[in-house]
Amino acid sequence: MKINYKTIFFVVLLLLYLSFANNYIGSNADDSIYVVLGKSLAEGNGYRIISSPENYVNAEYPPLFPLFISLIFLLGGNIFVIKLLIGVLGVLGIYFIYLFLKLFLKEKQAFIITILTGIAPLFVFYTHQILSEVPYFLFSILALYFFVKSMDNKFSKKYLFLCSLFILLAYFTRTIGFILIIAIGLYIIFERLNKSTIRKFIFIILIIAIPILLWSVRILDNEGQIYEQYSYKDIFLRNALYDVDSGNLNLNGIIGRILYNGEKHITQFSKTVFDQINWISLFYPGLRILEFSIILIIFLIIFIGFIFSLIKNRTIIEYYFFTYMFFILLIPDPSSRFLFPIIPFIINYFFKGIEIISNKLDKKIIINLFIILVVICSVLSLSKDLYTEHKEDYYLENWGENVAGFVEMALWAKDNISKEDNVIVYNPYMFYLISGIKGNIPLLSYNKEEVLNQIYQKNAEYIIIDKGVGKRYLGTVISEDRFELVYEKDGNYIYKVKPLS
C-alpha cells in the first residue's frame, strides 16, 4: 500500500497545532479586544467595547474575527475552543499555501516550502493565539490563488467572484487586506495589461467596493465622528506611537520610521527562517557581533532571492510581497506578527538566494543541508515552546513577570473592587475579562496635568499601575493628596482616586 506522506504531514501538523491550545488569553491587548467584541456580539450588545464604561461602538477593528468568536460563545464554547478552531484554520492555510505554491514551483519544492512554513515557530505561535493573523493568512492566500486561476482561465467569472470574496474576507479580518487589491492592480498593469484583464480587475473592484463603502459609512455617527479613543489614523500619523503630544509625522519622521522599521525587520526576517538566532547572545553575550553578522547574512540571502525573482520571473507573489512590505515599513511599532502572512514567501526567497549563491557548487547538497538545519532549529524551538505552554503558571512562564503581576492585580481587584467602579489601566480589555471591572486606557502623554485631567474626566475610582507600560504614564502623577494606595506587590500598584475637594 502506498503511503501518502502529504496526508500524514497535514494530520501531524493539525495535532501539533491543537497540542498548544489552552484556556488562557494572551497578553497582547488585541487578544482581549477581540474577545471583548466577540462577547459583546454574543450578548446582544452590538459591536461595542463593553470593557469601557462608555460602552462605545468599535470603529477600528474589522468585524469578521470578533463575529467568529461570538459564534463560538453562542454555541457554548470558550477560549480553548476558539484556539482549537484557529489551529484548524492554520492547517487549512498551510494546505492552501501548498496548492498556491504549486502554481509557480515544482511540486517537491512547493511541498518543502509548505513543510518549513507549517513548522516555523512563528507560524505555530499564532495558531494558538486569539489573534486574526491565521484567518487573514488563509483568506489572503485563497484570494491570490483564485486570482491566478482567473488569469489563466478565459471563462473565469467563478474564479473572479471567489477572488473578490476572499479579498473581502481578508479585509474584514485585517484592514491591511486592502493591499491585495493594490498588488493585483500593479500586477495587471505591469505584467498582464490588456482589455480582458482590465475587465477582470473592474469586476473585482465592483464586487468589493460596496461592502467596504458600507462598512466605512457604518463606523461614523450622525455627526461624522468616529467612536474611538485612538483611531488607526491617529496612531499611524503620530510621530511617536506612545506619546500623543509628539505631533504628526513629517517627511523626516516618515524616513526615520522606515529606517527604524527596516532595521527591526532585518532581525525578524532572519528569525522567520531560524527562530533561535538570538540564542547566541542569550547564552554567550560576548558573541553579539557574531549573532548580528549571521542575522545580516540570512537577510541578504533572502534579499538576493527576492531580487532574483523580481528580475527573472515576476509573479503575483512578488507584487504582493513588495506591496505588503512597503506598507508595514510605514506602520509604527514593528512586530514579528506583521511578517506572519508572508512567512512562506520569505522562506522561499531564502532558498532561492541559497540556490543563486551556491551556483558553482553542488546546489542540491547545500540546499538539503539548509533544509535539515531549518527543520532541526524549528523542532528545538517548538519543543521548548510546547513544554512551557502547559506549565501551571502559564503567564509567568510565557509572558514574564510583568504580565503575571498584572494578572495577580486583576484577580485581587475582582475580589476587592466593586464592579460598579471603573479604572484607568493600560490594558483595560484584559483587566475587564479577568476582573469584570470596566476601564479606560490612560492618556498616552507625558504631560502630568493632562493625564490627571483625564482620570477625573473619566470619573475613575481607581488607577492601575503595572510595572510595564502603565508605569510610564501613570507612575509620575501619583501624589499623596490625590491618591490612596490600596494594593502593592512587586512593583505593581492600585491607587484609589480621592475626590476633588
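Visitor: At what angle do helix α4 (residues 79–101) and α7 pack?

Guide: In this predicted model, the axes of α4 and α7 lie 9 Å apart. The angle at which the two helices pack is about 25°.

Visitor: How are α4 and α7 oriented to each other: roughly parallel or roughly perpendicular?

Guide: The angle between α4 and α7 is about 25°. Angles under 35 degrees count as roughly parallel. The two helices, α4 and α7, are therefore roughly parallel.

Visitor: Is the crossing of α4 and α7 left-handed or right-handed?

Guide: Handedness is a further property of this pair. Where α4 passes α7, the crossing is left-handed.

Visitor: How many residues in the contact of α4 with α7 are nonpolar?

Guide: On the side of α4, the contact includes Ile-86, Leu-89, Ile-97 and Phe-100. On the side of α7, the residues include Phe-137, Ile-141, Tyr-145 and Val-148. By class, the contact has no charged residues and two polar ones, and the number of nonpolar residues is 17.

Visitor: Which residues does Phe-100 touch, not counting residues up to four places away in sequence?

Guide: Phe-100 belongs to α4 and takes part in the contact with α7. Leaving out residues up to four places away in sequence, Phe-100 touches Ile-141, Leu-144, Tyr-145, Val-148, Ile-316, Ile-317 and Phe-345.

Visitor: How are α15 and α16 oriented to each other: roughly parallel or roughly perpendicular?

Guide: Helix α15 (residues 316–328) and helix α16 (residues 343–357) have axes that come within 11 Å and cross at roughly 115°. Angles of 65 to 115 degrees count as roughly perpendicular. Helices α15 and α16 are therefore roughly perpendicular.

Visitor: How many charged residues does the contact of α15 with α16 have?

Guide: Ile-317, Glu-318, Tyr-320 and Phe-321 in α15 meet Phe-345, Ile-346 and Tyr-349 in α16. By class, this contact has six nonpolar residues and no polar ones, and the number of charged residues is one.

Visitor: What percentage of the residues of the protein chain count as buried?

Guide: The protein chain has 22 helices and five strands. A residue counts as buried when its relative accessible area is under 20%. Of the 501 residues of the chain, the share that count as buried is 48%.

Key. Residues are numbered from 1 along each chain as its sequence is written. This is a predicted model: local features need pLDDT of at least 70, side-chain atom pairs count only at pLDDT 80 or more; totals for chains, interfaces and linings use all residues. Side-chain values use heavy atoms; hydrogens and water are left out. Axes are lines fitted to C-alpha atoms, for helices over the stretch in contact, and angles run from 0 to 180 degrees between N-to-C directions. Helices (H or I, at least four residues) and strands (E, at least two) are DSSP runs, numbered from the N terminus. Angles under 35 degrees count as roughly parallel, over 145 as roughly antiparallel, 65 to 115 as roughly perpendicular and the rest as oblique. Contact means heavy atoms within 4.5 Å. Ala, Val, Leu, Ile, Met, Phe, Trp, Tyr, Cys and Pro count as nonpolar, Asp, Glu, Lys and Arg as charged, and the others, Gly among them, as polar. A crossing is left-handed if the near helix is turned anticlockwise from the far one by less than a right angle, and right-handed if clockwise. Buried means under 20% relative accessible area, exposed over 50%, partly exposed in between (1.4 Å probe, protein chains only).
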